[in-house]
Amino acid sequence: MASLKVCVCGLEFANPILPAAGPPSKDGAMLQAAARGGAGGLVTKTISVDPADVPRPCIAEIRGGMLNTELWSELPKEQWLATEYDLARSTGLPVIVGLGYTAKQIAEVARLVRPWADALELSTHYVGNSIQPIIDALHAAKDAVDVPVFMKLSPHPNIQEIALALEEAGADGLVMINSFGPCLGIDLETGLPLMGSSNGFGWLSGAAIKPLALRCVYDAARVVKIPIFGVGGIVNGRDVAEMFMAGASAVQVCTEAILRGPTVYAKIAGELNKFLDSHGYKSVEEIRGLTVRLMKERGAPKPTHAPVVKMEKCTLCGQCEVSCPYGAIGIDKPGKMLHIDETLCFICGLCVTRCKLDALSLPG
Ligand SMILES: Cc1cc2nc3c(=O)[nH]c(=O)nc-3n(C[C@H](O)[C@H](O)[C@H](O)COP(=O)(O)O)c2cc1C
């Protein structure tokens, strides 16, 4: 069985799958449930100087993920300090304490949470798009505590610039990404937005944002040396493997942990193990940054021929045929054969990604 152990800034995680700040880390009891459910470490829900006044409804399941308008913890910081952090620490897992937002707020709360924190995670979600306020928040945390400080970024368009600036300013690690938006969903029965925020907008999370999260992690990993926690759209162990290949050193899960409950961490860890074993990897560390290295050495794939069909795996289900935009795929049911017409095939690759049985592959 491949090793899933990772060490990030001296924090040792038995596996790299942690709950993200949000409902899966909303209080001590939920964090204990995450530990029982197989999480490798804990991240606590973002707290700030005052409890959040969360508009409701604040969470909706939509195709591909969720919309939410949760702000930060609705529990007062005093409750976290009195009971919730103790419950998190009672698990014996490393505890990363989530804090927000401005330098002034961070200066006030960072010192208070220090006794429970193996590291801090600063959410920058409501600090805006300019870099300076984000750096000011980092400096406020670094002045207040002696534990690693991880900076959680929203999917900013200039992610490399921010990542580099934060590394230079002394961030110990990055966490990316927060949910994407603002976005809108409408309840067709009422005609009103799904979310109860003043403008009806919410933030998108879950499977739909995984490619965006992967791109952000990959872009940051190409320019910084500090570790990155990959967050966004992780649903299964293969998603974790992708995050590692993009350059992540550990991952966090929010939406899938809400939908499936706190046993999801062990399930995802099991799937990651299965992937690593089936591909001959001895540890998850082996695949960290693989895509960054391969892209440097070889560049993006450049196939020159139509996909190859492995008939022993093909069930003639027809999914590839119906969705081929070039009409290049034909099925001969009596002959039990799938044909790809080289002269029509544009080598777009869609059929290869659509076939869940691995019956199609691009040569070269
Ligand atoms: C209901 C909900 C509440 C959230 N609350 C927080 C929060 O308090 N602080 C924070 O930094 N991120 C928060 N997030 C963002 C998640 O931590 C995570 O970055 C994002 O959802 C992407 O991961 P996912 O696709 O696994 O959900 C929240 C997300 C959701 C869905």
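1. Angles under 35 degrees count as roughly parallel, over 145 as roughly antiparallel, 65 to 115 as roughly perpendicular and the rest as oblique. The helices and strands named below are DSSP runs numbered from the N terminus, helices being H or I of at least four residues and strands E of at least two. Axes are lines fitted to C-alpha atoms, for helices over the stretch in contact, and angles run from 0 to 180 degrees between N-to-C directions.

2. The structure is a predicted model, in which local features need pLDDT of at least 70 and side-chain atom pairs count only at pLDDT 80 or more, while totals for chains, interfaces and linings use all residues. Numbering starts from 1 along each chain as its sequence is written.

3. Two domains are assigned: domain 1 covers 6–297 and domain 2 covers 308–361. Their bounds come from an automatic or database domain assignment. Taken over C-alpha atoms, the centres of domain 1 and domain 2 are separated by 39 Å.

4. Helix α4 (residues 131–144) packs against α5 at an angle of about 30°, and the two axes are 10 Å apart. α4 and α5 are therefore roughly parallel to each other. The crossing of α4 over α5 is right-handed; a crossing is right-handed if the near helix is turned clockwise from the far one by less than a right angle, and left-handed if anticlockwise. On the α4 side the contact holds I131, I134, I135 and L138, which meet I162, A165 and L166 in α5. Residues are in contact here if their C-beta atoms, placed from the backbone, lie within 7 Å. This contact of α4 with α5 has 7 nonpolar residues, no polar and no charged. In that classification Ala, Val, Leu, Ile, Met, Phe, Trp, Tyr, Cys and Pro count as nonpolar, Asp, Glu, Lys and Arg as charged, and the others, Gly among them, as polar.

5. Helix α5 (residues 159–168) also packs with helix α6 (residues 210–221), at an angle of about 50° and with axes 9 Å apart. The pair α5 and α6 is therefore oblique. α5 passes α6 in a right-handed crossing. I159, Q160 and A163 of α5 meet C216, D219 and A220 of α6, and the residues of this contact divide into 4 nonpolar, 1 polar and 1 charged.

6. Between α6 and helix α7 (residues 237–246) the angle is about 25°, with axes 8 Å apart. That makes α6 roughly parallel to α7. K210, L214, V217, Y218 and A221 of α6 form the contact with D239, E242, M243 and A246 of α7. By class, this contact of α6 with α7 comprises 6 nonpolar, no polar and 3 charged residues.

7. The ligand is surrounded by 28 residues, of which the closest are A20, G22, S205, C254 and T255. By class, the shell has 11 nonpolar, 13 polar and 4 charged residues.

8. Most residues other than glycine have a negative phi, and most peptide bonds are trans. A cis peptide bond joins M176 and I177, with omega about 20°; I177 lies in the loop between β10 (173–176) and β11 (180–183). The bond from G181 to P182 is also cis, with omega near 5°, and P182 is in strand β11. C9, a residue other than glycine, has a positive phi near 50°; C9 is placed in the loop between β1 (6–8) and β2 (11–13).

Note on methods:
Contact = placed C-beta atoms within 7 Å. Near = placed C-beta within 6 Å.
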